[in-house]
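Have the picture open beside you as we go through some questions.

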Amino acid sequence: MPVSTTTQGTPIWRLRTTRAQWLGYLAWLAAGCLFLLCWKVISDNTMWVFVEDAGRQGSDLISRMLPPEWTYAHRLWKPMWDTMNIATLGTVLGIAMAFPVAFLAARNTTPHPLVRSAALLIIVSSRSINSLIWAMLLVTILGPGVLAGIIAIALRSIGFVGKLLYEAIEEIHPTPVEAISATGASRLQVMSYGVLPQVLPAFAGISVYRWDINIRESTVLGLVGAGGIGLQLNAAINSLAWNQVSVIFVMIFVTVLASEWISARVRHAIT
Amino acid sequence: MTRQAMARAGQWRRLPMIRDPRLRWGLALGGLVYLLLALSTIDVNWARVAEGAGRGLNFLAAFTQPDFVSRRGDILDGILESLTMTLTSTVIGVALAIPVGLGAARNISPWPVYYLCRGIITVSRTFQEIIIAILFVVMFGFGPLAGMITLAFATIGFMAKLLAEDIEDLDWRQVEAVRATGASWWQTMNHAVQPQVMPRLIGLSMYRLDINFRESAVIGIVGAGGIGATLNTSISRYEYDTSAAILLIIIAIVLLCEYSSSHVRRWTQ
């Protein structure tokens, strides 16, 4: 603990040494400068005239949104069902693809370090690219529709599920694995009886968690034409029907809250 | 036959995941029915898919020769805008998330404040960034300011929730010890709560920086600034070599972020 002495010779306790203190100030100064620089770039690219009447625009928006046109809700059940399907089927497909990738990426189950880095590359690239970007690409390739949404969600889920699952695999207890291999089991048998039972609870938890995130993400996929309630949202916004937009918002809000509740309950029951 | 007797007869089978057979088969049947129902609603235009397959191959081929040059100016502007948005929104978002997180921690805040802060967190977490971006673009006009506010708003929900959870399971003895010296609320926060949550707060901020960058690549689609607009244009023009270049840049920056954030986390803990 750094201590300095006064002129009378009594020691005073201080949290940091003078040098550390000054370095800290310098770091804060540098961070502040960086922040201001970034702020300047943003402010140069902003039309402040539009910002000045933001309050008026906002209150105008709210007044158009209220009251919500509740009769519009009955036309939303089909898109909502599509949204759920995109999320669920996308999660299932994503899990199916992530499962082998995770086993290839975990240090203790991978057949070869080169295979491991390839699997890690798949995980990273899938994680870096948002499902909306995948959807944009797939819509130009497969055409608009639910299928593009499902595949977009699946591609994005590989990275998430794969990363968490391979971390879980790396943390398993080696003893059961050793015990199974000591019986003369083949590689696949060791996987199925030694590794798999240890990671299954984590795997189920991760899958349900991802499903919950995917419900949230699939609500917007329609903005780029990949099906679901986002299509309706896009149509309503483009026709400036804000009182329909607010109905859609309420539906999304309720659905997401419900899926979050289900996922929390299931994860609680599993672990 | 008991399991042991079966094992002796060489007919051992592992325990099922779900003990109750009725629940087990019920779940399997329900899953199957749902799958059939869900799959039947997908209508695929196979002619369109066949037509697009060539484009898909083009896209994959573009990754082998990404074109960084012909739209260099647009890409540079977009990336710069994305990075500045990421940084400012994370700083502002984290700064705003700290009070909200304190308010949303059950053990240190009174219930009206608790419910208010939990409400803010729920609203911010439920809606995707892009939906919020649409609203803010309507309010603040096109450009990175709307994007920055969107990302800051989303950051509040994310950070405040995790911060509140962290505060809820902090070591209460330290708080009591500091309180016993007669410290004020402010001093308690500063000397008992803050040192306990600080390492995780820094780690989460780094993580959120990474997420904000990834999101900033998307909200450009609705006009909120950043690389997303460039990416969107290049995809709809079928200029897949440029899109491949942008995607590669995004992946590289995310990798860099992840690498440095794992270093920072190791350094703070």
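This is a predicted model: local features need pLDDT of at least 70, side-chain atom pairs count only at pLDDT 80 or more; totals for chains, interfaces and linings use all residues.

Q: How do you know whether chain A has the radius of gyration of a compact globule?
A: Set the value against the rule, which is 2.2 Å times the number of residues to the power 0.38. For 271 residues the rule gives a value near 18 Å, but chain A has 26 Å. Along the principal axes, the C-alpha atoms of chain A fill a box of roughly 75 × 70 × 35 Å.

Q: What makes a residue of chain A count as buried, and what percentage of the 271 residues do?
A: A residue is buried if 20 or more other C-beta atoms lie within 10 Å of its own. In chain A, 37% of the 271 residues count as buried.

Q: What are the helices and strands of chain A, and in which pattern do they follow the sequence?
A: Chain A has eleven helices and two strands. A helix here needs at least four residues and a strand at least two.

Q: Which domains does chain A have, and how far apart do their C-alpha centres lie?
A: The assignment divides chain A into domain 1 (3–40) and domain 2 (73–270). Their C-alpha centres lie 46 Å apart. For chain B, the assignment gives domain 1 (3–41) and domain 2 (74–268), with C-alpha centres 42 Å apart.

Q: What makes residues of chain A and chain B count as in contact, and how many do?
A: Two residues are in contact if their C-beta atoms lie within 7 Å. By that test, 47 residues of chain A are in contact with 48 residues of chain B. Helix 6 (residues 131–142) of chain A gives the most to this side of chain A, with seven residues. By class, the side of chain A that touches chain B has 31 nonpolar, 13 polar and three charged residues.

Notes: Residues are numbered from 1 along each chain as its sequence is written. Chains are lettered from A and ligands numbered from 1 in the order in which they are written. A residue is buried if 20 or more other C-beta atoms lie within 10 Å of its own, exposed if 12 or fewer, and partly exposed in between; C-beta atoms are placed from the backbone. Domain bounds come from an automatic or database domain assignment. Ala, Val, Leu, Ile, Met, Phe, Trp, Tyr, Cys and Pro count as nonpolar, Asp, Glu, Lys and Arg as charged, and the others, Gly among them, as polar.
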